[in-house]
Amino acid sequence: MKKKFALSFVALASVALLAACGEVKSGGSNTTGTKVADKTIKIGFNFEETGATAAYGTAEQKGAQLAVDEINKAGGIDGKKLEVVDKDNKSETAEAASVTTNLVTQSKVNAVVGPATSGATAAAVPNATKAGVPLISPSATQDGLTKNQEYLFIGTFQDSFQGKIISKYVTEKLKAKKVVLYTDNSSDYAKGIAKAFRNAYKGEIVADEKFVAGDTDFQAALTKMKGKDFDAIIIPGYYTEAGKIVNQARGMGIDKPIVGGDGFNGEEFVQQATPAKASNIYYISGFSSTVDVSAKAKKFLEAYKAKYNNEEPSTFAALAYDSVYLVANAAKGAKTSVDIKDNLAKTKNFEGVTGDTSFDKNHNTVKTAFMMTMNNGKVTAAETVKP
């Protein structure tokens with residue numbers, strides 16, 4: 001996912017020296033990478049642990065740390081323990097770039113897990129590539145993010161995949177012939193989903209409204225929507241605004257289904273919407289704890305709840321957990337970070353808690369997704385969906 005943030009002039013200049021954010025052309029690296037030590041394999045965490053998208057980053061940090069703890073308890077990789085260097089990028093793209101520089105040049109990590117968002121990932125990639133260190137983002141979903149990126153790997157499905165799923169679901173399951181599209185126009189993540197939805201949806205979009213990150217009052221747009229004839233509202237965006245929109249829409253008596261992407265994931269969405277108003281909600285997730293899952297996923301669910309005071313893991317926690325295991329698997333026999341990158345690129349049908357992962361030639365993966373149904377702030381159903 002991608003969140004748009006303001007960059008300072010200095011930060012912009014720094015990133016620009018390497019490449020333009022989001023359109024980075026840093027595919028090749030002549031470096032020998034960082035050396036894998038005799039007794040440890042160093043992994044850097046670059047997560048949004050504070051700031052606007054902390055709900056995603058903190059969940060991923062927890063999932064990633066659980067994976068590290070399990071791997072080390074089991075003896076590590078080739079007898080080597082995983083050593084974590086954990087840094088907070090504060091939900092800022094410039095900070096994500098700086099954190100990566102610190103991880104690869106000062107700490108000399110052998111791989112980086114994170115950031116969670118596409119914007120921060122795009123900013124972090126050039127510095128990882130320059131050092132010859134692979135970076136895997138558990139949840140960056142922007143289409144084209146990995147183009148010409150030799151050292152970048154993505155652990156989940158792309159924005160266009162979500163837009164197509166939403167279109168198919170509202171058409172076939174919700175029987176929606178007319179919809180309202182209400183998009184976060186400041187987010188490439190949201191705009192990517194909206195674009196794919198527009199291209200795939202065969203019904204009528206009766207209103208195509210926009211908001212931006214940080215907005216808190218949606219009454220005017222919702223008043224316009226209320227006067228129209230429609231069957232569902234599609235909200236490509238993050239929980240920060242989507243939860244408030246749900247709260248205000250339900251407060252105005254708009255009771256139609258509200259559908260979103262994986263940006264709705266997390267307890268924070270419910271807090272913004274309030275449980276009483278978070279009903280008739282549908283959203284995409286890469287992981288579900290409410291349906292039958294594999295033995296590996298069930299083990300993860302139990303371990304996560306045991307470690308984090310019975311907290312339910314989100315899809316972000318599950319994706320980060322899988323990302324660490326992917327790195328660990330690729331570290332087998334590796335002498336340098338470049339070897340880990342090469343092994344990641346060869347990954348096929350790696351079984352994780354979010355399904356099997358195989359990286360294509362662009363280092364993207366397509367996973368099975370779930371469409372979650374929420375009523376009274378609780379997930380009441382989940383079903384497997386495909387575009």
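In the predicted model, Phe-211 counts as buried, its relative accessibility being 2%, and Tyr-182 is likewise buried, with a relative accessible area of 2%. The structure holds 19 aromatic pairs. In one of them, the ring centres of Tyr-182 and Phe-211 lie 5.1 Å apart with the planes at 75°, so this pair is edge-to-face. The pair links distant parts of the chain, since Tyr-182 belongs to strand 6 and Phe-211 to strand 7, 29 residues apart. Phe-211 also forms an edge-to-face pair with Phe-218, with 5.7 Å from centre to centre and 85° between the planes, and both of these phenylalanines are buried.

Strand 6 (178-184) and strand 7 (204-211) are, together with helix 5 (159-172) and strand 8 (232-235), among the elements that cover the buried residues of helix 6. These buried residues are Tyr-189, Ala-190, Gly-192, Ile-193, Ala-194, Ala-196 and Phe-197. Helix 6 comprises 13 residues (188-200) and reaches 18 Å from its first C-alpha to its last, close to the 18 Å expected at 1.5 Å a residue. Its N-terminal end is capped by Ser-187, of which a side-chain oxygen lies 3.2 Å from the backbone nitrogen of Tyr-189.

Elsewhere, ring pairs join Phe-287, Phe-300, Tyr-304, Tyr-308, Tyr-321 and Tyr-325 into a cluster. Lys-296 lies over the face of Phe-350, at 5.8 Å from the ring centre, and Lys-341 over the face of Tyr-151, at 5.0 Å from the ring centre.

As to confidence, the mean pLDDT of the chain is 90, with 91% of its residues reaching 70 or more, whereas pLDDT stays under 50 over residues 2-27, for which the model has 50 contacts beyond four places in sequence.

How values were computed:
Residues are numbered from 1 along each chain as its sequence is written. This is a predicted model: local features need pLDDT of at least 70, side-chain atom pairs count only at pLDDT 80 or more; totals for chains, interfaces and linings use all residues. Side-chain values use heavy atoms; hydrogens and water are left out. Helices (H or I, at least four residues) and strands (E, at least two) are DSSP runs, numbered from the N terminus. The expected span of a helix is 1.5 Å times one less than its number of residues. Buried means under 20% relative accessible area, exposed over 50%, partly exposed in between (1.4 Å probe, protein chains only). Contact means heavy atoms within 4.5 Å. A polar contact is a pair of N or O atoms within 3.5 Å; within protein, one must be able to donate a hydrogen and the other to accept it, and residues adjacent in sequence count only if both atoms are side-chain atoms. pLDDT is the predictor's confidence in each residue, from 0 to 100. Rings of Phe, Tyr and Trp (its six-membered ring) pair if their centres lie within 6.5 Å; planes under 30 degrees apart count as stacked, over 60 as edge-to-face and the rest as tilted. A charge sits over a ring if NZ of Lys or CZ of Arg is within 6 Å of the ring centre and within 35 degrees of the ring normal.
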